[in-house]
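Subject: Structure handover

Hello,

Here is the structure I promised. Please open it first, then read my notes below.

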Amino acid sequence: MPSTSPLPTLDGAKILLTGASCGIGRATAQTLAQAGADLALNGRQTESLQDVAALVGAEGRSAHLLPDDLRDPDAPRRLVEAAATGLEGLDALIHIAGAYTADSAGQFRLAPLLTSEGEDWSAAIAVNFTAALHLCRNAHPYLTKSTNPSVLLMSSAVGLMGAPAGEAYAMTKAAQVSLVRSLAVAWGPQSIRVNALCPGIVDTGAFETLEDDEELSRWLRSRIPLGRWATVQDIAQAVLFLTSPAAGFITGQALAVDGGMSVPGSGFTAPDTTATHTPSPSR
């Protein structure tokens with residue numbers, strides 16, 4: 001039976017959202033705008049950000065475009081300062097941008113430690129962890145002035161479980177969870193909530209090659225208790241909840257939104273798991 005409970009609201013919250021140009025970020029931007037938030041949108045593609053800004057505007061909210069590449073060490077500082085200036089303050093930082101190993105067409109590919117290239121590691125470390133660290137650090141002075149301040153990092157189910165043949169990605173996502181727990185304790189006395197969201201496999205279009213492998217796709221779904229990939233809306237709604245006052249007493253948590261794949265006994269840790277049958281990252 002469908003719920004009749006009202007959705008969480010954000011009522012004019014000022015939010016910096018990275019990775020907003022596509023997939024989970026695009027859906028999240030629209031969901032946050034529908035809940036009443038004004039947004040500073042970061043991504044690498046200006047044209048795609050303009051499309052997302054139009055979705056935000058259609059909900060009657062403002063969108064400030066901040067195209068930038070988080071592999072640049074100075075990008076976090078630029079983004080936070082520009083967001084706080086454009087929005088006239090900052091209530092929340094949501095870091096969705098992520099780097100995973102991909103082929104020339106942008107499709108996810110496996111990258112085992114023994115055969116991976118240096119760029120597989122450097123991009124993951126730069127975007128998934130170093131940028132997260134500096135975004136948090138630069139956002140802190142603005143968040144202390146908010147009445148409902150929060151930080152949300154987009155980790156991954158493999159950050160909780162590990163991922164053979166995807167060690168660099170899993171390592172950086174696990175580091176995000178550790179950072180969240182540390183900052184939740186350090187910043188709790190200032191009423192700043194800090195959480196992580198850990199999606200499993202999300203239907204974003206980045207895994208068409210996975211879908212084309214019928215045997216692998218069937219194996220993966222058989223290990224997800226709910227039997228399907230997540231939709232971007234599944235993740236966006238969880239982001240909205242953790243950012244809203246409805247989650248006002250939740251901090252230091254890593255919420256798995258993965259259909260049960262990270263639950264011990266789901267099958268991803270079964271003896272037949274091999275390097276070719278590996279849970280892929282969420283983006």
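Which residue is the bridge partner of Leu 153 in strand 6? The partner is Ala 196. One caution before the rest: this is a predicted model.

**Overall**

The protein has nine helices and seven strands. Of its 283 residues, 50% count as buried. The accessible surface comes to about 12,600 Å². Carbon and sulfur atoms hold 54% of that surface. Among contacts with a separation of 6 or more, 75% are between residues 24 or more positions apart.

Strand 1 and strand 2 (residues 38–43) run parallel and are joined by four bridges. Here Lys 14 stands opposite Asp 38 of strand 2.

**Strand 5**

Now back to the strand that holds Leu 153. Strand 5 covers residues 150–154, and five of the five are buried. Buried here means under 20% relative accessible area. Strand 5 is therefore largely enclosed by the rest of the structure.

In a regular strand the side chains alternate between the two faces of the sheet. In strand 5, Ser 150, Leu 152 and Met 154 point one way. Val 151 and Leu 153 point the other way. All of these are buried.

Strand 5 has bridges to two strands of the sheet, strand 4 and strand 6. Strand 4 (residues 92–95) runs parallel to strand 5, with four bridges between them. Leu 93 has Val 151 of strand 5 as its bridge partner. Strand 6 (residues 193–199) also runs parallel to strand 5, and here five bridges make the join.

**Helix 3 and helix 4**

Two packed helices are described by the angle between their axes and the distance between the axes. Helix 3 (residues 75–87) packs on helix 4 (residues 118–143) at an angle of about 35°. Their axes are 8 Å apart. The crossing is right-handed.

Helix 3 contributes Pro 76, Arg 77, Val 80, Glu 81 and Ala 84 to the contact. Helix 4 contributes Ala 131, His 134, Leu 135, Asn 138, Ala 139 and Tyr 142. By class, that gives seven nonpolar, two polar and two charged residues.

**Two residues to look at**

Leu 32 is in helix 1. Is Leu 32 buried or exposed? Leu 32 has a relative accessible area of 0%, so it counts as buried. Leu 32 touches Leu 10, Ile 15, Ala 37, Leu 39, Ile 94 and Leu 240, leaving aside residues up to four places away in sequence. Leu 32 and Ser 244 are 212 residues apart in sequence, yet 9.5 Å apart in space, C-alpha to C-alpha.

Ser 21 lies in the loop between strand 1 (14–18) and helix 1 (23–34). With a relative accessible area of 14%, Ser 21 is buried too. Beyond residues up to four places away in sequence, Ser 21 touches Arg 26, Asn 42, Gly 43, Gln 45, Ser 48, Leu 49 and Val 52.

Best wishes

Conventions:
Residues are numbered from 1 along each chain as its sequence is written. This is a predicted model: local features need pLDDT of at least 70, side-chain atom pairs count only at pLDDT 80 or more; totals for chains, interfaces and linings use all residues. Side-chain values use heavy atoms; hydrogens and water are left out. Axes are lines fitted to C-alpha atoms, for helices over the stretch in contact, and angles run from 0 to 180 degrees between N-to-C directions. A crossing is left-handed if the near helix is turned anticlockwise from the far one by less than a right angle, and right-handed if clockwise. Contact means heavy atoms within 4.5 Å. Ala, Val, Leu, Ile, Met, Phe, Trp, Tyr, Cys and Pro count as nonpolar, Asp, Glu, Lys and Arg as charged, and the others, Gly among them, as polar. Buried means under 20% relative accessible area, exposed over 50%, partly exposed in between (1.4 Å probe, protein chains only). Two strands pair if DSSP finds at least two bridges between them. Accessible areas come from the Shrake-Rupley method with a 1.4 Å probe; for residues, only the protein chains shown count as cover.
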